[in-house]
Amino acid sequence: EGYLYPDTYHFTRHTLPKEVIATLVNQFFNVTKNLDFTHPKLSKHQLITLASIVEKETGRSVERPRIAGVFYNRLRTRMRIQSDPTTIYGIWENFNGNLRKKHLLAKTPYNTYKINGLPIGPISNPGLKAIQAVLNPELHKFLYFVSKNDGTHVFSKNLIDHNKAVNYWQKNARNREGRSWRKNKSE
């Protein structure tokens, strides 16, 4: 996980699985060969892990640097990452599509609601834009974000504002009804 580069590939039906895997991994290293993974505190593997979280948090490439910045701010201040996709990755065998409080309390090596820092490894295979976002995050003071249910997010600097956004966008059924990120054509 993390190094199978997401792209369009053409294989014959007789292509062996190890050839498919080798092709995807080679593409990852080819696409990222000119990127500088030097970071004062994170290894390349940790950067790919963070990029995999950013990849799963939003399909909107323009938001990825801002979301990466949120996670860096959390790591810097020793807050937990608290990413729903990491929790889901750790419980996928028992996940029915509805994330509940019991899931957030489950202790797994991926549940960033329960563990400090990054999970033990990537939770997805990040594309180039997610990797670039982690290597060049937006600098800001945001610590929180919540989905507006259309592929975009509201960003907050403090818990009070975040809770207001959660109440408005997630707990208000009217703001959830009929919204889909798939209908957002801006990206």
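1. The place of a charge is taken as NZ of Lys, CZ of Arg, CG of Asp or CD of Glu. On that basis, the protein chain carries 30 positive and 14 negative charges, and their mean positions lie 6 Å apart.

2. Before you read on, please note that this is a predicted model, where local features need pLDDT of at least 70 and side-chain atom pairs count only at pLDDT 80 or more, while totals for chains, interfaces and linings use all residues. Residues are numbered from 1 along each chain as its sequence is written, and side-chain values use heavy atoms, with hydrogens and water left out.

3. Now the fold. The protein chain has eight helices and two strands (DSSP runs, H or I of at least four residues for helices and E of at least two for strands, numbered from the N terminus). Read from the N terminus, the order is α-α-α-α-α-α-β-β-α-α.

4. On overall size, the C-alpha trace spans about 50 × 40 × 35 Å along its principal axes.

5. Contacts here mean heavy atoms within 4.5 Å. Among those between residues at least 6 apart in sequence, 60% join residues at least 24 apart.

6. As for the surface, the protein chain exposes about 11,400 Å², with carbon and sulfur atoms supplying 51% of it (Shrake-Rupley method, 1.4 Å probe; for residues, only the protein chains shown count as cover). Buried residues make up 41% of the 187, where buried means under 20% relative accessible area, exposed over 50%, and partly exposed in between (1.4 Å probe, protein chains only).

7. Two salt bridges turn up in a search of the whole structure, each being a side-chain nitrogen of Lys or Arg within 4 Å of a carboxyl oxygen of Asp or Glu. One joins Glu55 and Arg64, with the closest N and O atoms 3.5 Å apart. Glu55 is partly exposed at 22% relative accessibility, whereas Arg64 is buried at 8%.

8. Glu138 and Arg66 also form a salt bridge, at 2.8 Å from N to O. Glu138 sits in the loop between helix H6 (128-135) and strand E1 (144-147) and Arg66 in helix H3 (residues 64-76), so the pair ties together parts 72 residues apart in sequence. Glu138 is partly exposed at 26% relative accessible area, and Arg66 is partly exposed at 28%.

Terms used. Lys and Arg count as positive and Asp and Glu as negative; His and the chain ends are not counted.
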